[in-house]
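Me: Could you go through this one with me? I'll ask as I go.

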Amino acid sequence: MTLTLEYLGDGRVARWTLTPDGTAREVHEDHHPTLFVGDAAGDLYGRSGGPDPTPPSRDGLSDALRDHWDFLGGQEAIERLSVEAHRQTFRTEARPLLRVDAASTDAVRSVANRVQQFGQPDTYTCYNVDFTGCRGE
């Protein structure tokens, strides 16, 4: 389990984890923080909202998220794009979301700003910025 992250200032990240014997430190040379992009909050709760939301079901990305994939693809602040299913709220089932691995820790804010600038202000939700993810370990 990750205890904390230490940003070393040169693009590297040290991940401190809890072990049965105490703690361990592991330095990652190729760290790419992750954030997820979902549809508008109104889409999550559907027409009824409240304690029993009824969002529209879907098997893949929504049209809006596919458009956003095209918009974000190839931008310098982004290392890679993919799709993952996650629950966006505790009252809804997992749905396909756009996973954005930022090129660096400093790029996360730039990516989030670009997401919010595409379309209307409430078209997308950004959340769950995960600084612990290191692919290729």
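Me: Is His-68 buried or exposed?
Reply: His-68 is buried, with a relative accessible area of 0%, where buried means under 20% relative accessible area, exposed over 50% and partly exposed in between, using a 1.4 Å probe and protein chains only. This is a predicted model, in which local features need pLDDT of at least 70 and side-chain atom pairs count only at pLDDT 80 or more, while totals for chains, interfaces and linings use all residues. Residues are numbered from 1 along each chain as its sequence is written, and side-chain values use heavy atoms, with hydrogens and water left out.

Me: Where does His-68 sit, and what is it in contact with?
Reply: His-68 belongs to helix 2 (residues 63–72); helices (H or I, at least four residues) and strands (E, at least two) are DSSP runs, numbered from the N terminus. Leaving aside neighbours within four places in sequence, His-68 is in contact (heavy atoms within 4.5 Å) with Val-37, Leu-98, Arg-114, Val-115, Phe-118 and Tyr-124.

Me: Val-115 is on that list. Which residues of helix 3 are buried?
Reply: In helix 3 (residues 107–117), Ala-107, Val-108, Val-111 and Val-115 are the buried residues. They lie on the same side of helix 3, because they cover an arc of only 105° around the axis, the arc being that of the directions from the helix axis to the C-beta atoms.

Me: What does the face turned away from them carry?
Reply: That face of helix 3 carries the exposed residues Arg-109 and Gln-117. Just after helix 3, Gly-119 takes a positive phi of about 80°.

Me: Switching topic, how many helices and strands are there, and in what pattern?
Reply: The chain has 3 helices and 7 strands, and along the sequence they follow the pattern β-β-β-β-α-α-β-β-α-β. Of the 137 residues in the chain, 35% are buried.

Me: And what about confidence, on average and over residues 133–137?
Reply: The chain averages a pLDDT of 80, and 83% of the residues score at least 70, pLDDT being the predictor's confidence in each residue, from 0 to 100. Over residues 133–137 the pLDDT is below 50, although this stretch has 13 contacts in the model beyond near neighbours in sequence.

Me: Last one: where is Leu-18, and why does it count as partly exposed?
Reply: Leu-18 is found in strand 2 (residues 13–19), and it counts as partly exposed because its relative accessibility is 40%.
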